[in-house]
Amino acid sequence: MSLLPGQMMQMPLLISSLITHAARHSGDVEIVSRRVEGDLHRYTWAEAELRARKLAQALARLGCQAGDRVGTLAWNGYRHLEIYYGTSGSGLLCHTVNPRLFPQQIAWIINDAADRILCFDLNLLPLVEQIAADCRTVQHFVLLAGRAQLPDQTTIPGLLCYEDMVAAEDGDMTWPTFDETTAAGICYTSGTTGDPKGAVYSHRSTVLHSYAAAMPDAMNLSARDVVLPVVPMFHVNAWGLPYATAMVGCKVVFPGPHLDGKSLYELFEAEQVTFSAGVPTVWMGLLAHMQTHQLKFSSFRCTVIGGAACPASMIDTLVDDFGVEVIHAWGMTELSPLGTLSRLRGKHLGLPKDEQRRLMAKQGKAPYGIDLRIVDGAGAPLPWDGKAAGELMVKGHWVISDYFRTPKSPLQDGWFPTGDVATIDGDGFMQITDRSKDVIKSGGEWISSIALENLAVGHPAVQQAAVISVAHPQWGERPLLTVVLKPGAAVTREALLAFYEGKVPNWQVPNDVIFLPELPQTATGKIQKLRLREAFRNHQWSQPG
Ligand code: ADP
């Protein structure tokens with residue numbers, strides 16, 4: 001077959017093109033950051049791009065070469081944004097590391113990625129002092145601060161000052177052009193299900209992911225938005241927002257390290273934020289603060305909630321009490337992270353509110369660029385009937401094909417196995433019912449722990465809930481409900497179990513309830529079911545049946 005070649009320009013999809021576009025076409029649009037130092041910093045996309053170029057020059061001066069990894073331990077802020085672009089833009093890899101992990105895990109990840117430079121925020125100095133000697137590949141440690149904040153004494157050898165590095169350069173460089181499949185950054189999975197593994201994103205995958213994220217049936221971002229990413233820049237690149245906001249050229253507000261309800265609310269109002277994104281636990285804190293002080297939002301219109309299942313009751317509160325649209329989304333580190341988003345279709349607009357909410361609480365539909373399927377234990381595809389549950393498999397432009405430095409590809413038949421168990425309905429709405437490791441198998445039937453948790457947090461006394469599977473002499477496994485009550489609230493075991501009546505089949509109601517002061521959390525704010533399962537492995541069921 002002789003094909004006729006198209007006659008269009010070939011421009012590689014490079015991350016530098018996002019920030020040069022923002023600087024040229026939305027150069028005066030603001031980026032506002034709550035700094036670790038406590039004050040607010042303001043500048044523009046044009047200034048961010050210039051400083052990213054200066055940083056690229058400074059990194060080259062330190063000896064960085066194409067393919068080198070630059071690690072970050074930093075909160076959401078403008079200097080972190082400059083590192084995103086200064087590294088990837090010049091052929092280096094941006095490696096964001098989660099400062100909430102245990103110090104040994106952080107050092108392990110930095111060594112695995114072989115980071116050559118480590119940049120970190122001022123309030124993380126004690127952490128870096130603790131791990132510096134173990135970070136064997138790091139040649140330079142860079143404090144993300146001005147000269148005045150440099151400590152008089154530190155155990156970190158040759159500590160560099162970020163502002164000095166940037167100030168020493170003239171910005172007289174042009175972003176290099178190279179193949180769009182070149183590596184741009186690396187993120188490690190949070191290790192909920194084993195050792196952390198590196199996902200290496202390319203320029204192409206990152207730019208295509210940004211296009212998809214900004215689309216109307218995804219996050220629906222525009223130049224009229226003011227975006228405050230609550231999701232940290234070390235949690236799968238703040239779900240792509242540092243790139244997508246440059247693409248649309250909107251104002252960005254970075255909240256720094258303080259993500260409590262009061263700090264967030266003040267920033268939302270002062271900067272007239274319209275759009276945000278974060279895990280469910282963050283919204284719990286913000287909503288509790290607003291309810292206690294009877295506050296309302298004046299500009300906030302929409303938020304993405306993902307990373308863990310968003311309880312239906314949270315959607316109701318945000319939409320009905322605060323007028324904020326909720327986009328429930330599902331993703332993974334391995335997917336850059338966007339996999340699905342729950343947005344209603346035209347045909348759903350006439351549905352009764354309850355049915356619309358039922359759809360919104362699902363994890364949603366795949367945007368163009370991602371394909372989904374569910375398979376049974378033998379790998380055979382299951383029907384899209386909203387009932388059959390099987391392992392969720394994905395493929396797409398921004399899904400990994402391999403893990404960093406791991407010889408065996410995780411793909412099966414060209415699909416990436418997510419480890420999540422899901423149903424897909426006739427309209428393509430995917431719903432996660434469990435993780436394969438969290439699923440409860442009672443008398444041969446699967447019970448969805450997520451469905452039981454969502455119902456429990458709908459009870460007015462319950463703040464947080466996790467349902468785990470515990471061995472049972474008769475049924476193999478049975479669900480055990482663990483809960484944290486709201487401050488000052490009280491409810492009995494019997495009343496909580498009775499709350500399930502009529503909402504799920506009787507055989508799915510948990511057998512017991514454990515009241516806890518708090519639930520163990522991972523570094524990205526997800527409940528650590530593994531630790532709960534370990535703690536209650538030998539739980540004695542009060543009733544044998
Ligand atoms: P880890 O798998 O190590 O926790 P990720 O941050 O990549 O790291 O988490 C991805 C996982 O988080 C998914 O596989 C899924 O189990 C869970 N998850 C993400 N978003 C949702 C959601 N909206 N609903 C339910 N689970 C979710």
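Figure 1. Ser336 lies in the loop between β14 and β15, and its phi is near 75 degrees, a positive value in a residue other than glycine. The peptide bond from Ser336 to Pro337 is cis, with omega near 10 degrees, and Pro337 lies in the loop between β14 (325-331) and β15 (338-342). Most residues other than glycine have a negative phi, and most peptide bonds are trans. Helices (H or I, at least four residues) and strands (E, at least two) are DSSP runs, numbered from the N terminus. Residues are numbered from 1 along each chain as its sequence is written, and side-chain values use heavy atoms, with hydrogens and water left out. Because the model is predicted, local features need pLDDT of at least 70 and side-chain atom pairs count only at pLDDT 80 or more, whereas totals for chains, interfaces and linings use all residues.

**Figure 2. Arg405, another residue with a positive phi.** Phi of Arg405 is near 55 degrees, a positive value in a residue other than glycine. Arg405 is placed in the loop between β17 (390-396) and β18 (416-424), and it is exposed, with a relative accessible area of 54%.

Figure 3. Helix α7 covers residues 203-214, and its 12 residues should span 16 Å at 1.5 Å a residue, which agrees with the 17 Å between its end C-alpha atoms; the expected span is 1.5 Å times one less than the number of residues. Of the 12 residues of α7, 10 are buried, so the helix is largely enclosed by the rest of the structure. Among the buried residues of α7 are His203, Val207, Leu208 and His209.

Figure 4. A search of the whole structure finds zero disulfides, a disulfide being a pair of cysteine sulfur atoms within 2.5 Å. Cys187 is in no disulfide, and the nearest cysteine sulfur, which belongs to Cys94, is 7.7 Å away. Cys250 is likewise in no disulfide, with the nearest cysteine sulfur, that of Cys302, 13 Å away. Cys187 is buried, at a relative accessible area of 4%, and Cys250 is buried, at 0%.

**Figure 5. The second largest pocket.** On a 1 Å grid over the protein atoms alone, a pocket is an open set of points with protein on both sides within 12 Å along at least five of seven lines, a cavity is a set where a 1.4 Å probe fits but cannot get out, and lining residues have an atom within 4 Å of a point. About 870 Å³ of space lies in the second largest pocket, a volume being the space filled by probe spheres set on the points, which are joined across faces, edges and corners. The pocket is lined by 31 residues, of which Gln431, Thr433, Ser448, Ile450 and Ala451 lie nearest its centre.

**Figure 6. The second largest cavity.** The second largest cavity has a volume of about 130 Å³ and is lined by 15 residues, with Arg35, Val36, Gly77, Arg79 and Asp121 nearest its centre. Helix α3 (78-89) and strand β1 (30-34) each supply at least two residues of this lining, and α3 gives the most, with three residues.

Note on methods. Buried < 20%, exposed > 50% of the residue type's maximum accessible area, 1.4 Å probe, protein only.
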